[in-house]
Amino acid sequence: MSAWIVFGVGGLFTYLMRGSFLLLGDRVRLPAWTEAPLRYVAPAAFAAITVPATLGDEGLPALAPPTAEVIGVAAAGFVVWRTRNIPLCLLVGVVVLGLAGWIGL
Amino acid sequence: MADLSFDRGAFGRGVRSALPLMVPPVPFGLALGLIITESEAVGTFVGWASSWVLFAGSAQLVAVELLDEGAAAAVIIATIVMINARHIVYSAVVNARIGAVPGWFRLLGSYWLTDQVFAIDEMQGEIGTRQRMWTMLGAGFTMWSIWNAVVLAGVFVGDLLPDDFPVGFIVAVLFGGLMVLATRNRPGVAAAIVGGLIAVGARDLPPGTGVLIAIIVGAAVGAALERRWERAE
């Protein structure tokens, strides 16, 4: 029972947050100064998801010496920068993680 | 309202853009299905139903874990809200550029507005309202269908996934790739660095809080540097 309540109410709030602006349409006008920051939401958001997931519980010390995960994500990031190809990026990430783990990083 | 009738090309582009982005959610969803079957507090059906009630992988995972630990419902709901709060910002970005769209799209598009759908919309560049709308619908429909199917599959065959399968790493690679694609200029690089560092520094705060702070500060830094560097040129 409590699982239904948690998912139901949590789902309703999630929907209302996803719809916070989209549901209201033209009735909400953001002030002009928000225009520039909104252009940088995507890089900031995806970095905020990626970096903690890559470094793990160790935090910044995972960078030096780099863990296998750090090397894998960095290699995948480089590939997507050069090719803009997400499937290739995923493949390279997994292969490099495997190689880095295999040589004992 | 302008012609917004079904645009097969745009819908197909949304589907094709979503497919590679759904590769990491497959092992994630299988693992989630397995965790649901093993959960004491969450029944199998209600656990699977969270895939369409919540439609948010990380929030679903954390909610199942907290329910198993016996956390209070209000605490779990507050956690779900914080984890998903970044979607408010996505909603503002999409709303600002979508143009005049019908109410049914606003209802459905809000339901399907995930990180990946936002990323796909972000990558479309300058396109018209009709194309933007149908690309989002194609991407959202694809993600939603695959996610519900995968979590259901995880309930039955989730134990086929090897114990050491790097689920979290694959998610990190995907969002790392999306980060690179979304970073188009030097202020964007700064926004990503600031956002990433804040999220790491704030990782002991309640789930979701660090990401939300990171987005707000990272975006503000990006905008400030954009103005400063443009003036310098």
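Trp144(B) touches Trp52(B), Phe55(B), Tyr111(B) and Trp112(B) when residues up to four places away in sequence are not counted, contact being defined as heavy atoms within 4.5 Å. The residue belongs to helix 9 of chain B, helices (H or I, at least four residues) being DSSP runs numbered from the N terminus. At 27% relative accessibility, Trp144(B) counts as partly exposed; buried means under 20% relative accessible area, exposed over 50%, and partly exposed in between (1.4 Å probe, protein chains only). Between Trp144(B) and Asp7(B), which are 137 residues apart in sequence, the C-alpha to C-alpha separation is 20 Å.

The model is predicted, with local features needing pLDDT of at least 70 and side-chain atom pairs counting only at pLDDT 80 or more, whereas totals for chains, interfaces and linings use all residues. Residues are numbered from 1 along each chain as its sequence is written, chains are lettered from A and ligands numbered from 1 in the order in which they are written, and side-chain values use heavy atoms, with hydrogens and water left out.

Helix 9 (residues 129-157) of chain B also packs with helix 1 (residues 8-21) of chain B, at an angle of about 40° and with the axes 7 Å apart. Axes are lines fitted to C-alpha atoms, for helices over the stretch in contact, and angles run from 0 to 180 degrees between N-to-C directions. The two helices are therefore oblique to each other; angles under 35 degrees count as roughly parallel, over 145 as roughly antiparallel, 65 to 115 as roughly perpendicular and the rest as oblique. From helix 1 of chain B, residues including Phe11(B), Arg13(B) and Leu19(B) meet residues of helix 9 of chain B, among them Trp134(B), Phe141(B) and Met143(B). The residues of this contact comprise eleven nonpolar, five polar and one charged. In this classification, Ala, Val, Leu, Ile, Met, Phe, Trp, Tyr, Cys and Pro count as nonpolar, Asp, Glu, Lys and Arg as charged, and the others, Gly among them, as polar.

Further along helix 9 of chain B lies Ala153(B), which is partly exposed, with a relative accessible area of 28%. Leaving aside neighbours within four places in sequence, Ala153(B) is in contact with Leu30(B) and Gly158(B). A distance of 51 Å separates the C-alpha atoms of Ala153(B) and Trp229(B), which are 76 residues apart along the chain.

Helix 3 of chain B contains the buried residues Val46(B), Gly47(B), Trp48(B), Ala49(B), Ser50(B) and Ser51(B). These buried residues pack against helix 1 (2-18) of chain A together with helix 2, helix 4 (57-69) and helix 9 of chain B. Phe55(B), whose phi is positive, near 50°, follows helix 3 of chain B. In the loop between helix 2 (25-38) and helix 3 (44-53) of chain B is Ser39(B), a buried residue with a relative accessible area of 9%. A polar atom of the Ser39(B) side chain lies 3.2 Å from the backbone nitrogen of Ala41(B), and the side chain of Ser39(B) reaches the backbone nitrogen of Val42(B) at 2.9 Å. Beyond its neighbours within four places in sequence, Ser39(B) is in contact with Val64(B) and Asp68(B).

Between the chains, the axes of helix 3 (residues 41-55) of chain A and helix 12 of chain B come within 8 Å and cross at roughly 145°. This crossing is right-handed. Contributing residues are Val41(A), Ala44(A), Ala45(A) and Ala48(A) of helix 3 of chain A and Val211(B), Ala214(B), Ile215(B), Gly218(B) and Ala219(B) of helix 12 of chain B. They divide into eight nonpolar, one polar and no charged.

Helix 12 (residues 209-232) of chain B also holds Glu226(B), which is buried at a relative accessible area of 11%. The side chains of Glu226(B) and Tyr40(A) are joined by a polar contact of 2.6 Å (a pair of N or O atoms within 3.5 Å; within protein, one must be able to donate a hydrogen and the other to accept it, and residues adjacent in sequence count only if both atoms are side-chain atoms). Apart from neighbours within four places in sequence, Glu226(B) is in contact with Ala36(A), Arg39(A), Tyr40(A) and Pro187(B).

Key. Left-handed = near helix turned anticlockwise from the far one by under 90°.
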